[in-house]
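Trainee: I would like to learn how to read the features of a model like this one. Where do we begin?

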Amino acid sequence: MSIEELAQIAKALSDTNRLNIIKMLTKGRLCACELLEKLEVTQPTLSHHMKILCECGLVFAFKEGKWQHYDINCERFKEFKESINAISCLKCEHKERN
């Protein structure tokens, strides 16, 4: 994952509502109406958050009938987590060895 992609995802996750959405989606796909109910935000606010999460690739959006549904992109989320884990503090690792 490029630094730019990493930064885009980190920026997307810098909002508590978006972090809550990701946490909810890790348990399974949800309809926009379910997210609205759980987050207690307006529909335009939810749409804004979902647009950001979809643009960075963490979330898939799809329609089923008249309802918009969302699902986490597990591969992208895993790639993000691995990229973050690959960043380490050599200074801290050196202290732990001593």
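**Reading the sheet and the core**

Mentor: Begin with a hairpin. This is a predicted model. Here E2 and E3 make a hairpin with two residues between them. Gly65 sits in the turn, with a positive phi of about 65 degrees.

Trainee: In what sense do E2 and E3 pair, and over how many bridges?

Mentor: First the general idea. Strands of a sheet pair through backbone hydrogen bonds, either parallel or antiparallel. In this case, E2 and strand E3 (residues 67-72) pair in the antiparallel sense, over six bridges. Ala61 stands opposite Tyr70 in E3. Phe60 has Asp71 of E3 as its bridge partner.

Trainee: What is the strand order of the sheet?

Mentor: The order is E1-E3-E2. The sheet is open, has three strands and pairs antiparallel. To find the edges, look for strands that pair on one side only. Those are strand E1 (30-31) and strand E2 (59-64).

Trainee: How many bridges join E1 to E3?

Mentor: Two bridges, and the strands run antiparallel. Look at Leu30: its bridge partner in E3 is Tyr70. Tyr70 also stands opposite Ala61.

Trainee: Which helix lies across E2 and E3?

Mentor: Helix H4 (residues 43-55) does. To read the packing, take the helix direction against a strand. H4 runs at about 120 degrees to E2.

Trainee: Now the core. Which residues touch the most other members of the largest nonpolar core?

Mentor: Met50 and Leu53, in a core of 22 residues. Next, ask which elements supply it. Helix H1 (3-12), helix H2 (16-25), helix H3 (32-39), H4 and E3 each give two or more residues. H2 gives the largest share, four residues.

Trainee: What does Leu53 touch, leaving out residues up to four places away in sequence?

Mentor: Read its contacts in sequence order. Leu53 touches Ala12, Leu13, Arg18, Ile21 and Ile22, as well as Leu58 and Val59.

Trainee: One last residue. Is Ser83 buried or exposed?

Mentor: Compare its accessibility with the cut-off. Buried means under 20% relative accessible area. Ser83 has 16% relative accessibility, so Ser83 counts as buried. Now place it in the chain. Ser83 belongs to helix H5 (residues 74-85).

Trainee: Which residues does Ser83 touch, not counting those up to four places away in sequence?

Mentor: Ser83 touches Met1 and Leu6.

Conventions: Residues are numbered from 1 along each chain as its sequence is written. This is a predicted model: local features need pLDDT of at least 70, side-chain atom pairs count only at pLDDT 80 or more; totals for chains, interfaces and linings use all residues. Side-chain values use heavy atoms; hydrogens and water are left out. Buried means under 20% relative accessible area, exposed over 50%, partly exposed in between (1.4 Å probe, protein chains only). Contact means heavy atoms within 4.5 Å. Two strands pair if DSSP finds at least two bridges between them. Axes are lines fitted to C-alpha atoms, for helices over the stretch in contact, and angles run from 0 to 180 degrees between N-to-C directions. A nonpolar core is a set of buried Ala, Val, Leu, Ile, Met, Phe, Trp, Tyr and Cys residues joined through side-chain atoms within 4.5 Å.
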